Amino acid sequence: MKKVEAMTVSRALPRLDADNRSFWTGGKDGQLRLMQCQDCRTFIHPPRPVCRSCLSERVESVAVAGTGVVDTFTVNHQKWHKAMEVPYVIARVALDGAPGVFLTTNIVGCPVDSVDVGDRVRVKFEQQDDVFLPLFEKIG
Amino acid sequence: MAAAEAYITGVGQSAVGAGQTRHPLLLTLDATREALDEAGLTIAQIDGVSTYPGRAQGYLGFSPVGADELIDALGIRATWYAGGSEISSQLGAVVAAAAAVRAGLARHVLCFRTVYEAAALARPEEYPPLRRERVDGQAQWFAPFNATSPANWTAQYAMRHVKRYGLTREQLAQIALTARANAMLNPRALVRQPLTMDEYLAGRMISTPLCVYDCDRFTDASTVLIVSAGAALDEVRCQPVRIAAMAGTVERHSWDQAEWMASYPTGRDLWKRTDYRVEDVDTVQLYDGFSFFVLTWLEALGFCDVGSGGRFVEGGKRIARDGELPLNTFGGQIGAGRLHGFGFAHEAVVQLRGRAGERQIGGDPRVAVCTSGGGPLATALLLARD
């Protein structure tokens, strides 16, 4: 079994494919990347090879700011499997500069009871194998 | 009776329990027999089958029986059938059946939902849990963040109600308290112990603001609804209940990209397709896989304004069995067990026929709303006894 750092949370990892690779590996260069239509500028998430606003196929992966706002959240207390450490914060983050896109993520690096709707957050990538998971930390 | 309309005729249900050993196909047969008996039909008169989500190969406890399998097992001669998960939640199977009988593709469609989740959990050697090296599809956006349970997804919508609209735990508690009180009067209910407000408030947190009592419970059971064509009602021997309106939507097919849960557009659409109004409804049977869904359905269907669901149910009197809008009178999934959507339509029909026994509501009910889903997928049916 692969050696895991003591503080690394056990996570299911995504299977990488042509659609999602840039999202899940952008963190290698410190970039949060989303698909965007180059004709009407709509962001497309989950990533797909066509724009859901104008049906353009000129869809490309672009870097966004990597900051955002907690739209809503929950503190999970249930151990869904034995290896799980609880409690932890699951949040839906509205991304700056990418209207209409939300990421489900974890807010890390702060007490679980300190997270609230409206908190400003910044991406913090966590690498596991070839995947760079976009977690978020509170700003300030 | 209108020949061009669709009716629910027979309804049936197997024993409901956790860890049943009776074969899931036989549980489905039990429910089928009861429904046929009630409708005065024989299996030879069934010419259509509809189910959700079909046989779930990788997760058999969730759905152990498929439509094609049932057709073969019971010797049904089907002129139309359908089963699958890509439809607007569980009662979407009833919508499909109603559309089929209205189009003349079948006369009597057997709609079923069989669940075996508790049995599968108890017998993992027989029903091995799904194992994957890596996740894909929708799961990839949630599983890496350990946000794998629908409890987590629903909790975030519920938290938005807490923060935006001031929803309190005491208000939310009324859904579980009502369900558990009603389940006491349902001989088939899975949980038949009362729940108090103090117990609720002390309940173990699952995913804030949802505690253990806000969640439904795995069960093993089958529920059957027979949908018949108006033109075929001369063949049945029961009080038919008309499907007066139907609605179903999908919102981004996603638990995090949609601003609103699918219950909201579904509720609005329902009233565009009928002359009945909200005030005409005698009872509501609203999906409660998690208690919070019920509040969104009450708002979505226009019983109260968006954001005021908590205040609407406060104190519990209004939604009690003897209140102005009796809710989930069989116990919902929280009290009666996770029948997965079909239990709500079953109970609506039983109440409209006045056959609910000890839990029968008063006032000669004629109109009911039943729903399934409420997250990215939602279905609502308006049922009327003419």
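**Sheet architecture of chain B in a predicted model**

Chain B contains an open sheet of 9 strands in the order β3-β2-β4-β7-β1-β8-β11-β10-β9, with mixed pairing; strands (E, at least two residues) and helices (H or I, at least four) are DSSP runs numbered from the N terminus, and two strands pair if DSSP finds at least two bridges between them. Because β3 (80-83) and β9 (283-285) of chain B stand at the edges, each with a single partner strand, one side of each is left without a neighbour in the sheet. Neighbouring strands of this sheet are turned by 25 degrees against each other on average, direction ignored, where axes are lines fitted to C-alpha atoms, for helices over the stretch in contact, and angles run from 0 to 180 degrees between N-to-C directions.

This is a predicted model, in which local features need pLDDT of at least 70, side-chain atom pairs count only at pLDDT 80 or more, and totals for chains, interfaces and linings use all residues. Residues are numbered from 1 along each chain as its sequence is written, while chains are lettered from A and ligands numbered from 1 in the order in which they are written. The mean pLDDT (the predictor's confidence in each residue, from 0 to 100) of chain B is 97.

Strands β4 (residues 108-116) and β7 (residues 220-229) of chain B pair in the antiparallel sense over 9 bridges, and B:V109 stands opposite B:V227 in β7(B). Helix α1 (residues 24-39) of chain B packs on the sheet, touching β1 (6-13), β4 and β7 of chain B, and its direction makes about 125 degrees with that of β1(B); contact requires C-beta atoms, placed from the backbone, within 7 Å.

Key. Contact = placed C-beta atoms within 7 Å.
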